[in-house]
Each structure stands twice: as C-alpha cells, then as structure tokens.
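Here is a short briefing for someone meeting this structure for the first time. Please look over the sequence and the model before reading on.

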Amino acid sequence: MAEDQNETNPVGRDEESELSRRELLKLGASAAFAVALTGLETNALAESAQGRAPLFFTREEFALVDELTELIIPADDHSPGARATRAADYIDFRLSESLEENPKTLWRNGLKRIEELSQEMHGQPFLKSSREQRIALLTRISQNETKPVKSEELFFNELKSRTARAYYSSKIGIHTEMEYKGNTYLKEFVGYDAT
Amino acid sequence: MTLIRLTRQSAAEVDLKKTYDAIVVGSGAAGGMAAHVLTAHGMKVLMLEAGKKLDIDKELKSTEWPYEHKRRGEMPPGFHALSLNEYNIRQPPYAANSKAQHVYSYVQGWGGPDYSKNIVVDEKDHPYTGTNYAWVRARLLGGKTNIWGRLALRLSDLDFKAKSHDDYGEDWPISYKDIAPYYDKVDLYLGISGVKENVAHLPDSIFQRPIKLTYAENKLRQSIKKMNRLLTPYRAGVTTDGLKHNKYRSKCFGRGACNRRTGGCDIHAAFDSPTGLIMPAMDTGNLTLRTNAIAREVTIDKKTGKASGVAFIDAETGRTYEAKAKVVVIAASTLESARLMLLSKSDAHPNGIGNSSSHVGHNFCEHIMGPHITGLVKDLVGKPRTLDDGKPGSFYLARFRNLNERNPKFIRGYGFEGGSGTSIYPGNAGSTPGFGSSYKKSVRDYAGAFMSMGAFGEVLARYENYVDIDPSVKDKWGVPVLRFHYKFGDNEKKMADDMADTAQEMFTEAGFEIVDLSRRILTEGWSIHELGTARMGTDPKTSVLNQFEQSHDVKNLFVVDGSAFASASCQNPTWTIMALAWRSCDYLADQFKKGSL
C-alpha cells in the first residue's frame, strides 16, 4: 500500500513534476520534453525521498538508518556524507522491492538490536544518545568485521556495505569525494608509454 | 501482434526454395568472419543466428553515470546472477528450482549488469547437465563479441607445435607461417591496439595507437624485465586510430565504459561481429541474415552423404524450417557447434555428422583461472587523483614458463591480465576496515594505490574431457542439451599453484605490499574460452577437421570456431579463431569455384 501510494502520489517536488507532465501532455507538448521530466522523477526516486513516507522502513526506522549511514560515512571538510547522498533512501528503495526475505529480516532485526544495545549501553534510544555514545555503539558492533558472529556484527557489515555502495555510486561520492576523472572523451590515452 | 508480424517478415527473408552457396550457422567472431570472407568472394550466403537482433546501442548506454540509473546499474528484483558458490555447491542445470524469474551466468554479477541482461542467455531457457561448469552464452546477433574482453593475442609455434616441444597431445596441422598472413589481415581489417615487443612466443600484430600504462604497471614492467619477463599494454581488439573502410565503427575515445560494464562498446571501437563483419558483408548484397533461427540439424543428401542444408527452429514460433545450401559452415561457438554436430545423426553419420572419429565433443579444453594477487603501491597513497581507466584494457603479462627451460612440476604455461589505479567505484570501500571519518579518508587516500592481476593457464586437451548429448533433458525449444564430463587435471592444479607463487615473486620484486594472494581455482568454464571439441589434425581417426577446418568425413562441411583448436595455448583465442576462419574460408571459396566441394 505504502509502495503504491509512493508510485502514484509522490509528495512535494515529485507531485509537481507529475502534475506538470500531465499538463504538458494534455497541452500536446513534445514527447521529448515529457520524457525529460520522467527522467527527473526517476532521479527523484533514486536520490530524494526524505520527508515522505519511506517505502520499506517505518518513519522511525528510516530516521535511524539515515543517522547510521551518516555515522558510517560522515561529512568532512573534503565532501558531504552519506546523508547528503540520500543513501538511506536508496537502501529503503532497494529493500522495498526485494523479493528476498533475508535482507528484509536482517535490517528489521538489526535496527531493533541497535536500539536494544543503545538501551543496554547508554540507557536511552539511539537517536537520543550523544554522538560519542553512538560512535561507541558502532565501535562495539564493528569489532569483528572480518569474522562477524553475533547478529549485530552481521548487521554492521550489511549496513556498511549498503551504505558504501549507495554513497560511492552517488553524484557526490563519485565527483566530490572521489574526484573521479574518467567517463569522458579523451583524444589521447593517459599514462606512461611502454618503453 | 507486432511480434508475430515481424517474425513472419523475417521468416520470409529466407528463401527456403533457394539453394544458397553456403549457410553459416552462428554470427559471432567465427560466423561473422565466414560471412565476410565468403561474401567478399562473391558467394551467396545465408547466416542463421539463434538469438535476436538487439539494438545494442540502446542497451549499453556506455556513458550513463551510476546515479542516473534507478538501481545504479543493478538488475531489478527477480533477476539473478549465479555466484561462484552456487556453481560449486550445486550441479547443473543451475537454474532448476531457482525462485528467481531469470537466472544468468556469473558475468551478470559484474558492474552494470542491467545493461547486459538482454545479451547473455537466461539459464532457465538454456539448461545443461553433468559436471560443474560455468558456461557463459550470448544468443544474439554477434554472440559474445558484444561483450568480449577484447584481449587480442596471437599464438606462436610454441603453441602450434606444442607436442614437438614437450611430447604431450597433438601438434596443430599448421605452423605460425601458415596463419601469420591471416593474422595480418585480421589486424588491418578490424584494428588492434598494442606495442611491438619482438617476443617470439607472443608475436606482434600490426598495431594501432597503443594504450598507456599506469605508474604501477610501468613499475612492474620495468621490475620484471630483470627476470626476463614481459608486461605489455593490453593488446586490445579495438581500433584506436579508426578504420577508413568501415563506416559502422568509430575510433576509441578512452571513455572506459568497457571496464565499467560487463562489456560492450556502443561506438564500436571495440570489435564486435555485427559492425565489424556482418554489416559490411550485408553491404555486398551477398548476405541474407535470419535471426531467431535455432539450428537443429545439419541435413544430409542421402545419395551423396554430403550436407544439404540446415534445419532450424524459429525461436519465436517454434516452427521448423529447412534451408538448403551447397556448403555448410558451422560457427555456433565451441560447445554449441559440437552439440549441433552430435545432434545431426543420420544413416550415413550415425555418430553425428563429421564424427566417424568419435572425437566430436572430446579434447575439450580452455583456460584455467583463479589464482590472483592484489598489491598496494605505497608511493601512490594520498596522491592527487589521476585518470587511470580511460582505456579499453590495462596490461598483459606474457607467458614465461616452459619456454626454453623445463618446469619440473607441469608442462605448458600461463599469462596474467590485470589492472590498477582509480576506477569509478573504489574497490577498497569494501575491504577498508572501520567506519567514520578515518574510514572515509582511508578509502579516498588508498583508492588509486592498488594493483591486481590474475592468471589464465592452458588446460591440456584430453580425450576424457568431453561433452555429449543428454538423453533426457531438453531446452525450451525441445532440443536435447549438452551434458558435461569435464574436470581440471593434475597439470592444471600444479600450474595454478605456480601462478600464485610467481605473482607473489613479481609483486615483491616491484616493491608492492601484497594485500591479497589467492590460490583458489575458479569453476571450470570461468575463462569463457572453451575450445577443442572438433579439433583439427592430419589423422582422420583422431581428429575431426583438416588444416582448413574442413570435415574429414564430409567435404562440404566446415567448422570454423574455437572447436577446431588442437590445443588451448594460454593466449586468448578470439584473434586466432578469426585468422583461422579467414584462411579456411579463402580455401573454401577457392574449392567452391573449382567445383570440388
């Protein structure tokens, strides 16, 4: 149901472009322009959904995921962090359409486990705890990154892997953070001649 | 409705009443080359391709950024790529009982699989049985050339005369001097990039503008010179200067898309059979193309025992047709060609056509893969970003084993392919420990500082490694499928161990810090270089084809793809497949004109 709503009635900017597109089509505007707007919507789905109902997570879970992704890849003086790339939206979208139960369960239970640990370690919900406390919790569950055993350790790896995937394939990740120089037309190859 | 209409139209393209000069089965590197050469000789050719004609330029979208794609290049739910683990813990057919709607071979697990999911086959429709094998197939016009890795190497007499060198297997019925002029023709007609090195066992081509090396690759090149080993820029089957005689292809502009995706070049700088060979052949007016035509059987003239044409199934309607020709050229890919020959049984050829030797499907060989290494190039850590992936390949490290010396543990050899430097996605994001600012900075600082390479080694041709027809399992079109009886042997396993040792030795010599060294052998088939199932030879009792890839048994039958190889060599096969096919089709056309087929 939530998924249907989001596809047919996206709020905010999405709704505007949807309306505009319909208006344009009614007015007989060029198909090319309509296609361009459709492209915008696709981008909107991939890059921005904060503020509207998430597709897979509850609003509370989404807020938690959003913060966790930013803790994994934070903004620094070099570039913005995962939050600015809407990493949580991408994770939410991919989980919402997944036909597999495993990742969904892993995330639901993982987020619950984060809250349990937050209560256990700091006596309050994760998002109410201080930045130091949040980092302390993540530090604890990342101890066995190479050989995770406990459920929260497995969840950390899943969280980190999906966050990295979303972040480094985003516009900010590719261009601002990594300063990627390729995917362009070159007259000459770059590098060292084989001598 | 549209589909049916189109199918009828394309069915009508074939004149079933006409006897063509030749039918070519398959449209990949081998089939494309056969069509090019035979039509250039003025022969009227019908090409049958089992797959569809895909508008490839609309599929590949080479310069689309990951964030412009809804799933960052990944496939939608329900589309599944087989993992290494699945290949090993399960038995073929791998897609049986899968919950996914569509199942693809492992190559669909690479970057940007959504762009190539219409190129490789859906394993659900195309089962096979028997031993574990990662069989990668592309059923469409151009076959696997639409996504090939483009490494275009020549073989040498160390390969063609391997038996004379180490007394194992069979020599090829040709020498380097027989094929060299045809390698030249392929170089000039299709374009190849590389650097002349004057190394006897890796003969030079007629090269266009070479690819450059990264700092790390150059460092390794210089270091291993002392060991008398060669690292050379990727010899890419890519036109880097352009081809004046081909209006369908552009020169390479170093967009690097070929490495960000499963493969494929939508400006066709990289060779693919449709733009490189088939479309120019169509322009001669001598080529008729029928796609969605699954060759079911080579038909026989009962009076003469010769091939009379090909029966094929329309992939859309399931209807069977029969096209007639004076010569049949099979180029369906090594394993599919063997399958077609084995399926073509008749009173005259009870074992399958051209199979009086019982060698069709046997001597199946390829390249073993697995051992690989990753090193950290410390001088590059934290250095300003460079553009390292704007090229169609990185490097090739030539064979150095069993050249003049004799290794005590194994015969034959292996080479390495690899890469280094920055790419669009930082591979170290997954392997860098921790989280937070220090993780982020570490990924950034180290991303361009890694170098990796993995080996491709010769698998010995052995009679006991073979495919045959499964007696009960059929594909979606009711055609009996292949059953694999194929395993790596002791020589391959010992060679694989040596690959890891020498990789370590060379990275150490170059001063790289080794961060990963794997000895694990990948599932049989991983190299996508299957060869040898209808080998050439001088003795009709132990080989299927003569030196012109002509059947010993049926003189108007030719098999011009990788199945003709008498041994696998360790060099990538595509350029040799095409040079051989050109030579064989020159011979075919000559014999045809003389009326001796």
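The points below go from the chains to the sheets and helices.

This is a predicted model, in which local features need pLDDT of at least 70, side-chain atom pairs count only at pLDDT 80 or more, and totals for chains, interfaces and linings use all residues. Residues are numbered from 1 along each chain as its sequence is written, while chains are lettered from A and ligands numbered from 1 in the order in which they are written.

**Chain A**

- Chain A has nine helices and zero strands. Helices (H or I, at least four residues) and strands (E, at least two) are DSSP runs, numbered from the N terminus.
- Along the sequence, the pattern of chain A reads α-α-α-α-α-α-α-α-α.
- Of the 195 residues in chain A, 33% are buried. A residue is buried if 20 or more other C-beta atoms lie within 10 Å of its own, exposed if 12 or fewer, and partly exposed in between, with C-beta atoms placed from the backbone.
- Among contacts in chain A with a separation of 6 or more, 57% link residues 24 or more positions apart. Two residues are in contact if their C-beta atoms, placed from the backbone, lie within 7 Å.

**Where the chains touch**

- On chain B, 42 residues are in contact with 41 residues of chain A.
- Helix 8 (215–225), strand 6 (231–233) and helix 12 (436–446) of chain B each give two or more residues to this side of chain B.
- Helix 12 of chain B provides the largest share, four residues.
- By class, this side of chain B has 19 nonpolar, 13 polar and 10 charged residues. Ala, Val, Leu, Ile, Met, Phe, Trp, Tyr, Cys and Pro count as nonpolar, Asp, Glu, Lys and Arg as charged, and the others, Gly among them, as polar.

**Domains of chain B**

- The domain assignment of chain B gives domain 1 (7–53 + 140–189 + 271–358 + 530–597), domain 2 (57–130) and domain 3 (192–270 + 367–458 + 488–523). Such bounds come from an automatic or database domain assignment.
- The centres of domain 1 and domain 2 of chain B, taken over C-alpha atoms, are 28 Å apart.

**Strand 2 and its partners**

- Strand 2 (residues 45–48) of chain B is covered on both faces. Val45(B) and Met47(B) are buried on one side, Leu46(B) and Leu48(B) on the other.
- Strand 1 (residues 19–25) of chain B runs parallel to strand 2 of chain B, joined by four bridges. Two strands pair if DSSP finds at least two bridges between them.
- In this pairing, Val25(B) stands opposite Leu48(B).
- Strand 2 of chain B also pairs with strand 7 of chain B, in the parallel sense, over four bridges. Here Val45(B) stands opposite Leu287(B).

**Helix 10**

- Eight of the 10 residues of helix 10 (residues 273–282) of chain B are buried, so this helix is largely enclosed by the rest of the structure.
- The buried residues include Ser273(B), Leu277(B) and Ile278(B).
- Their cover includes helix 2 (29–40), helix 7 (176–190) and strand 7 (287–290) of chain B.

**The six-stranded sheet**

- Six strands of chain B form an open antiparallel sheet in the order 6-12-13-14-11-17.
- Strand 6 and strand 17 (513–518) of chain B stand at the edges with a single partner strand each, so one side of each has no neighbour in the sheet.
- Strand 11 (residues 367–376) and strand 14 (residues 450–458) of chain B pair in the antiparallel sense over eight bridges. Met369(B) stands opposite Phe456(B) in strand 14 of chain B.

**The three-stranded sheet**

- Three strands of chain B form an open sheet with mixed pairing, in the order 5-16-15.
- Strand 5 (129–130) and strand 15 (466–474) of chain B are at the edges, each with a single partner strand, so one side of each is left without a neighbour in the sheet.
- Two bridges join strand 5 of chain B to strand 16 (residues 480–485) of chain B, and the two run parallel. Gly130(B) stands opposite Phe484(B).

**Glu336(B)**

- Glu336(B) sits in helix 11 of chain B.
- Glu336(B) is buried, with 25 other C-beta atoms within 10 Å.
- Glu336(B) and Tyr248(B) are 88 residues apart in sequence and 29 Å apart in space, C-alpha to C-alpha.
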